[in-house]
Amino acid sequence: MVVKFHLPGLRYNYPLNMFLVSMQKLHPEYFREGVQIASFFGEFPTSLWAGGRFCNGDQCDAKFVQEVIKNINAQGIPVRFTYTNPSVTEHDLEDAYCNFCMRAADNGMNEVLVVSPVLENYVRANYPGFKINSSTCKGILDMEELQEELEKDYNLVVLDYNLNHDFEKLEKIQRKDKCEILVNACCIPNCPRRKEHYAAIAKQNRTVLKNRTMPREHQIPVEGWYCEYGDKNSIHTIKEYPTYVSPEAIWEKYVPMGYVNFKIEGRTANLFQLVDTYCHYMIKPEYEAEARFMLLTNLQNSRIITVNKPRQGVWP
């Protein structure tokens, strides 16, 4: 049995993800049956082609990009670029930073997650060594349309999270091996603002990148985003959602049906929450506390997270 998990983060979660890989090698007994870390997905911010998360103008240098790709691939794990900006134009295809990232990962091992047909056609034509995945952002709920999507030349199709517990439809899907299920979506089921949110993030990223080329006095204010539906964002608070998929359901329902690919979201999540999420899904319950302690200790020792001591006082 192989149960593949696709994990978030090429930038902020990179150290945690690499610690997790090391822990699986050192302590395979901690992990649930068949767990395989199948990819790390995300972007090197701020990428014009990227979607789904706003990184407020942070950007990586060339050496960091190259080293992260090399180190992840050396573990036998693909890098999956989440290039899901729905508003990519023909002009955007010339973006130097995104093309640099693509060239840095162009070794036949890595993947791209797409929404825009404009970008998909460009990647297929210019970077044929990449596997192409279809994003959940397409929001495909019609079964006939979904079957057609699965017949296209995609490595994987990430299902809309609203299908997670529609087992009548899930049973009917013919290419279950090509499906990926998002197990911990923090959006409410059938969120009415999901596509609007993705469009807003694309606009925010476009603004901060444009501001890089302008003097401060001429920079454009970055529009904020507030969602009245987004109050539950940890593994402990989303369990009441019908779209939440429990680890027990993965092994007892989905895997026996033929689904083996599972996505954990959280590219910009709080690291403490993400540690809990990783342990919840991939670690056996009896080892969760030990695994959590080990991951957090490694993050502290590496100064990824810091624990401050109280200031020294004077008495009297």
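**E288 is buried, with a relative accessible area of 18%.** Here, buried means under 20% relative accessible area, exposed means over 50%, and partly exposed lies in between (1.4 Å probe, protein chains only). The side chain of E288 meets that of R292 in a salt bridge, at 3.4 Å from N to O. A salt bridge is a side-chain nitrogen of Lys or Arg within 4 Å of a carboxyl oxygen of Asp or Glu. R292 counts as partly exposed, at 24% relative accessibility. Both residues belong to helix 10 (residues 288–301), four residues apart, which is about one turn of the helix.

**Welcome to the whole chain, a predicted model with ten helices and eight strands.** Local features need pLDDT of at least 70 and side-chain atom pairs count only at pLDDT 80 or more, while totals for chains, interfaces and linings use all residues. Residues are numbered from 1 along each chain as its sequence is written, and side-chain values use heavy atoms, leaving out hydrogens and water. Helices (H or I, at least four residues) and strands (E, at least two) are DSSP runs, numbered from the N terminus. The C-alpha trace spans about 75 × 55 × 40 Å along its principal axes. The radius of gyration of the protein chain is 20 Å, which agrees with the value near 20 Å for a compact globule of 316 residues. That radius is taken over C-alpha atoms, and the globule rule is 2.2 Å times the number of residues to the power 0.38. Of the 316 residues, 52% are buried.

**Helix 6 (residues 167–172) holds both E168 and K172.** These two form a salt bridge, their closest N and O atoms being 3.8 Å apart. They are four residues apart, about one turn of the helix, and both are exposed. Another salt bridge links the side chains of D166 and K169, at 4.0 Å from N to O. D166 is partly exposed at 25% relative accessibility, and K169 is partly exposed too, at 29%. Side chains of opposite charge can pair when their charged atoms come close. A search of the whole structure finds 13 salt bridges.

**A patch of negative charge gathers D142, E144, E145 and E148 on the surface.** Patches are made of residues with over 30% relative accessible area and no salt bridge; like charges are joined within 9 Å, and nonpolar side chains (Val, Leu, Ile, Met, Phe, Trp, Tyr) within 5 Å. Asp and Glu count as negative, and the place of the charge is CG of Asp or CD of Glu. Accessible areas come from the Shrake-Rupley method with a 1.4 Å probe. E148 sits in helix 5 (residues 143–151) and, at 46% relative accessibility, counts as partly exposed.

**A269 lies in the loop between strand 8 (261–263) and helix 9 (271–282).** With a relative accessible area of 28%, A269 is partly exposed. How far apart are A269 and Y12 in space, C-alpha to C-alpha? The distance is 8.8 Å, although the two are 257 residues apart in sequence.

**T213 lies in the loop between helix 7 (194–211) and helix 8 (247–257).** T213 counts as exposed, at 66% relative accessibility.
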